[in-house]
Amino acid sequence: MEKRWWKESVVYQIYPRSFCDSNGDGIGDLNGITGKLDYLKELGIDVIWLSPVYKSPNDDNGYDISDYQAIMDEFGTMEDFDRMLATAHEKGIKIMMDLVVNHTSDEHKWFIESRKSTDNPYRDYYIWRPAKEDGSLPNNWGSCFSGPAWEYDKTTDMYFLHLFSKKQPDLNWDNPAVRQDVFDMMNWWLKKGVDGFRMDVISLISKEPGLPDKEPGINGYATFNVSANGPHVHEYLQEMRQKALNNADTITVGECSGVTLEEAKKYARSDEKELNMVFQFEHMDVDSDEKAGKWTTRKMDLRDLKKILTRWQKGLQDIAWNSLYWENHDQPRSVSRFGNDSDEYREISAKMLATCIHMMQGTPYVYQGEELGMTNIYFDKLEDYRDIESINYFEEFTESGLMTPEHMMKCLMLRSRDNARTPMQWDDSKQAGFTDGEPWIKVNQNYKKINAAQQLEDPDSVFHYYQKLIRLRKEKDIIVYGEFEPLYREDEQIFAYTRKQDQEKLLTVCNFSDKNAEVEVPEEFKGAECLITNLGRKEFEGKIVLNPYEAFVLYYKH
Ligand code: GLC
Ligand code: CA
């Protein structure tokens, strides 16, 4: 397999609004990030994926961009950005920007022009349609944030398409001028020295010709995935590769909603004509409901999770490259979701989850606070929520009678994106050391127990466990490149797999349950060395009984 630095890297995602506030206005900022680069260096990560820092009216916390070449006022200035980039580079840390080009803000100058008249030069930068003959919406597509994906604009008596909020109109990628403007903007950032891009919902950029009606979901609208993997998406990404990405040595990951394994083989193929890797979502849907999607209180069945991750590990082997993640700014906290956030098991299960994902083949992503085992916040009042998705769906589902307010609140507590967006817990001082002011969203009150300062002191902390996993990846090639093979596929408690490469092999065993679990260590690992374990086990031969959430990794060289 081709060796590449981006395969050997570990990426850390920063959600700037919630990371570190340097000036007391309650909002994280660029200078706050610069001040914490040593912390990230200590953790050992190689690349930062920076969620959007561009100028934005913040309808969707920066994923609605009004100027791609300027910094959001609340986050600082372009000088602050340049200083952060230079300091990161001095420390050997790369910066991957969030590229949000499926849509812009409605306050972007392109859209301001576009909506003025049907013959404006920017008209075709967006997707405008008249009502159907009977006066109904152009089609039945829904917004990812509830309601229809069409907004009426009276100036020209037409609707524009927005797969996300109505302040996020979709760009028309079929227009070559749009593509050229996007590539020029990317080149501007590459010239500045940024190291790559995480591409927001990039699988949605090519819309099906004719924009046909699709099978409606629970609220009467077809989901935004209707336009996933459209007819020209690969062509447009290849053009992006040639006209922008190839101008530098970049790392690229596409957020690919609705991506299938077959499609991923095209997006992330090893011939490097499109992207380096994709974020797939099948394992994030493992606890979804067939009808209500993520708005459910369902728990996953471990066998489903294993089936999905195994399919991706084996499916992309030698063909394309995987990204590995449990968390990001759109998902609840993994220890609360797939582990156990009780006092008894939080640390152990956070380490188990880390072991499970970091020993697979692919590039691991750590989301801020995951390395501390930060938990869901479980807000039980709508007024505490800040996220547009949570608030909109609560209103839509309860007003239409689809769900009772009590049930919907339970769903938000488990699934809201705000669970990941509470401020980073730096220490046990007021507001967890995130800000001297009033934070834009409440700090999780467990910060006295769970915070970075305390974990940096404790050699057994979740932080140091992540640090060790990251270090192991640098020491052992097999962790990056070895071939994955699952074990005990039908076991309901244990996720186990091997990795093999030449004379070396690895065995990873994780107990995902709060009960003891019996497992047979394969003969071929007799006498193997233990690389890491979360409970200090010493015996690894024959039949053993694992404690709740116990995990270990064995290494054997012939
Ligand atoms: C992506 C982002 C999410 C955002 C959406 C619209 O899914 O990760 O946070 O709301 O795209 O840009
Ligand atoms: Ca600030």
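This is a predicted model: local features need pLDDT of at least 70, side-chain atom pairs count only at pLDDT 80 or more; totals for chains, interfaces and linings use all residues.
Asn 23 counts as exposed because its relative accessibility is 52%, and the cut-off for exposed is over 50%. Ile 27, in turn, has a relative accessibility of 9% and therefore counts as buried, a label given under 20%.

Eight strands form an open sheet in the order β11-β10-β9-β5-β2-β1-β13-β12, with parallel pairing. At its edges stand β11 (277–279) and β12 (323–324), each with a single partner strand, so one side of each has no neighbour in the sheet.

Several pairings can be followed strand by strand. Strand β1 (residues 11–14) is joined to strand β2 (residues 47–50) by four bridges in the parallel sense, and Tyr 12 has Ile 48 in β2 as its bridge partner. Strand β1 also pairs with β13 in the parallel sense, here over three bridges; Gln 13 finds its bridge partner in Tyr 367 of β13. Strand β13 runs parallel to β12 as well, and two bridges join them, with Thr 363 of β13 as the bridge partner of Ser 323.

How many of the residues of strand β13 (residues 363–367) are buried? The count is five of five, and the strand is described as mostly covered. In a regular strand the side chains alternate between the two faces of the sheet. For β13, Thr 363, Tyr 365 and Tyr 367 lie on one side, while Pro 364 and Val 366 lie on the other; all are buried, and both faces are covered.

Helix α4 (residues 78–90) packs against helix α6 (residues 176–192) at an angle of about 55 degrees, with the axes 11 Å apart. The two helices are therefore oblique to each other. On the α4 side, the contact is made by Met 78, Phe 81, Asp 82 and Leu 85, and on the α6 side by Trp 188, Trp 189 and Lys 192. Sorted by class, this contact has five nonpolar and two charged residues, and no polar ones.

Methods:
Residues are numbered from 1 along each chain as its sequence is written. Chains are lettered from A and ligands numbered from 1 in the order in which they are written. Side-chain values use heavy atoms; hydrogens and water are left out. Buried means under 20% relative accessible area, exposed over 50%, partly exposed in between (1.4 Å probe, protein chains only). Two strands pair if DSSP finds at least two bridges between them. Axes are lines fitted to C-alpha atoms, for helices over the stretch in contact, and angles run from 0 to 180 degrees between N-to-C directions. Angles under 35 degrees count as roughly parallel, over 145 as roughly antiparallel, 65 to 115 as roughly perpendicular and the rest as oblique. Contact means heavy atoms within 4.5 Å. Ala, Val, Leu, Ile, Met, Phe, Trp, Tyr, Cys and Pro count as nonpolar, Asp, Glu, Lys and Arg as charged, and the others, Gly among them, as polar.
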